[in-house]
There are 2 protein chains.
Amino acid sequence: MSFAPLKNDRFLRALKREPVDMTPVWMMRQAGRYLPEYRASRQKAGSFMDLCTNPDLACEVTLQPLARYPLDAAILFSDILTIPDAMGLGLYFETGEGPRFKKIVRTAADVDALPIPDVESDLGYVMKAVSTIRRELNGSVPLIGFSGSPWTLATYMVEGGSSKDFRHLKAMIYDQPEVAHRLLDKLAQTVITYLNGQIRHGAQAVQIFDTWGGSLSAEAYKQFSLRYMKQIVDGLIRDQGGRAVPVILFTKNGGLWLESMAATGCDALGLDWTINIGDARRRVGDKVALQGNMDPAVLYASPATIRAEVKRILKDFGDHPGHVFNLGHGITPEVDPEHARVFIEAVHEFSQR
Amino acid sequence: MSFAPLKNDRFLRALKREPVDMTPVWMMRQAGRYLPEYRASRQKAGSFMDLCTNPDLACEVTLQPLARYPLDAAILFSDILTIPDAMGLGLYFETGEGPRFKKIVRTAADVDALPIPDVESDLGYVMKAVSTIRRELNGSVPLIGFSGSPWTLATYMVEGGSSKDFRHLKAMIYDQPEVAHRLLDKLAQTVITYLNGQIRHGAQAVQIFDTWGGSLSAEAYKQFSLRYMKQIVDGLIRDQGGRAVPVILFTKNGGLWLESMAATGCDALGLDWTINIGDARRRVGDKVALQGNMDPAVLYASPATIRAEVKRILKDFGDHPGHVFNLGHGITPEVDPEHARVFIEAVHEFSQR
């Protein structure tokens, strides 16, 4: 595939710790419910999954925040549970209940019965969305692909949906670690082909969302989450069409484990807001770039407060290469879109070199 | 008041980092729904608040886990929201919804209108429960008193109940920090008189539960949670009847901030399970004792797994004074009581000096 040359490469340069004219910025869940135009597209689509599985609509909502704001990257609009759905578990959404699966994975037999999806057919709608978005971006900014981490995917597959304490999967890792490892290995293999598919179809960087790795003990995190993210990092295409494809690892509540995350060979770590970004930088040194990390709740505060908080984070990071500005987690539905604008513009304004 | 002499002082000695014959152990929420006898008392009482406000029933459920297991401490059975309730906010519980308040605190005027409760009258039922429990314990093990931290209490008061993102309180700390500080100062003053009341009525150690401090950025945590816990530590009775009254600070998800927590002058830090307890000990040195930190979800695993995990944590802590064994958070309702027994007995068995 051939695409238009990239006009704004600030984001990719920052991930490789190269100098930039100003700090690049994007927002996790930037194509989301806080935008009225997103809500309109969602209504047009029908269900949430109808929106995800329609490449043209997925492209439409991916581009919406870029039409509004001077963002430095687009991120594929999709759900993190496309992989378990493609494994035949039957993803559905119950109003106010979050995602659910018709089939639940609890035993060794359940794990062995899981097929490894063919990304070009079973997840073809994601591949199509990626190439459509990349084409429609027309080189304006890079496109980020993503996947859930094996641990995070496994929590939904074993619990059957969202969970507070992950009791079934945790009982599995402690009592039947070999079953859990078989499941996580299968997921890691699938994530590799899934992300490599996204890269081949046009994704210029990828992020692994480890939303629930922070629910583990330090020991269990290394064995059951980090290990499989390293397996993925080792298996990814790191160069496509002569340009590096950076990999970002994001473990929510992973602030205690940054050193071991940086040692996986990834290019950047996503940070939630509980860690001071200057402390994080001192801990990882020049090993990786850092992405983050304003508390998304700051967007509920006034424009003056948002600007002050952006300034503080830039100052804490300091005058070093390798910072991509972001929120510490996804933007929430109740945020005023004008506050998101203040945030994005403040990052550029206060970081001009 | 005069009480029977203390027979088992392992818990108090460990908190003061003195040598012990074996590692003391208790469980957060040890008087709780996983016990059938608790569920029977709860049914007898009527509502949850009826159970909390009846000193005899509160005493009954406090003693239940001690009748079953060789625990080294009792903890007052109460709710963390007794203080805002005594401030007139009207605490109630909606089935499946958690705690709610009839009145919500959002403005400077709301904060200024909050009365500082008189603990002997407005919270007399708690004082009575403490002295009743202490008498009924008859010196078998020490009694722990407790309170929510100012930040944690404020989240419920400002949001009106449980919350995912604490948007109103966070908007307040960022946009109207002086209003938030007035509220938190009022709460800190009240917590001091509340815990000192518990100490005068018989509590032999106290724990401050900062359940939601870990939702803050590092900077905001210091200003809006830790600062007020230090104010409390500074205001507490630290010696009663010739014996030290240790203070334990527990910030869930506070693993990044242990050094600053230890610098408050408290005696011990409660740890959740996300930090390796050996790493925590190396970071705080001999400044404080440590309490924790098994993942409560391990209690869903087999007895053999529970025992192995206890052994690992004891080994990671190492042969030093100053360890109180506990879960990293409250025991959950679905746990088999026999698994709790395995946990408690394993701590004693594997830590014999």
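Select the interface first: 27 residues of chain B are in contact with 27 residues of chain A, contact requiring that the C-beta atoms, placed from the backbone, lie within 7 Å. This is a predicted model, in which local features need pLDDT of at least 70, side-chain atom pairs count only at pLDDT 80 or more, and totals for chains, interfaces and linings use all residues. Residues are numbered from 1 along each chain as its sequence is written, and chains are lettered from A in the order in which they are written.

Next, colour helix 9 (167–175) and helix 11 (218–235) of chain B, the elements that give two or more residues to the side touching chain A; helices are DSSP runs (H or I, at least four residues), numbered from the N terminus. Helix 9 of chain B gives the most, with 5 residues. The side of chain B that touches chain A divides into 11 nonpolar, 9 polar and 7 charged residues. Here Ala, Val, Leu, Ile, Met, Phe, Trp, Tyr, Cys and Pro count as nonpolar, Asp, Glu, Lys and Arg as charged, and the others, Gly among them, as polar.

Now superpose chain B on chain A: a rotation of 180° with 0.0 Å of shift along its axis does so, at RMSD 0.0 Å, by least squares on the C-alpha atoms of residues with pLDDT of at least 70 in both. That is the relation of a two-fold axis. In chain B, the C-alpha nearest the axis belongs to B:Leu256, 3.1 Å from it.

Finally, select helix 2 (residues 36–45) and helix 4 (residues 55–68) of chain B. In this pair, B:Glu37, B:Tyr38, B:Ser41 and B:Ala45 of helix 2 meet B:Leu57, B:Glu60, B:Val61 and B:Gln64 of helix 4.

Methods
Axes are lines fitted to C-alpha atoms, for helices over the stretch in contact, and angles run from 0 to 180 degrees between N-to-C directions. Two residues are in contact if their C-beta atoms, placed from the backbone, lie within 7 Å.
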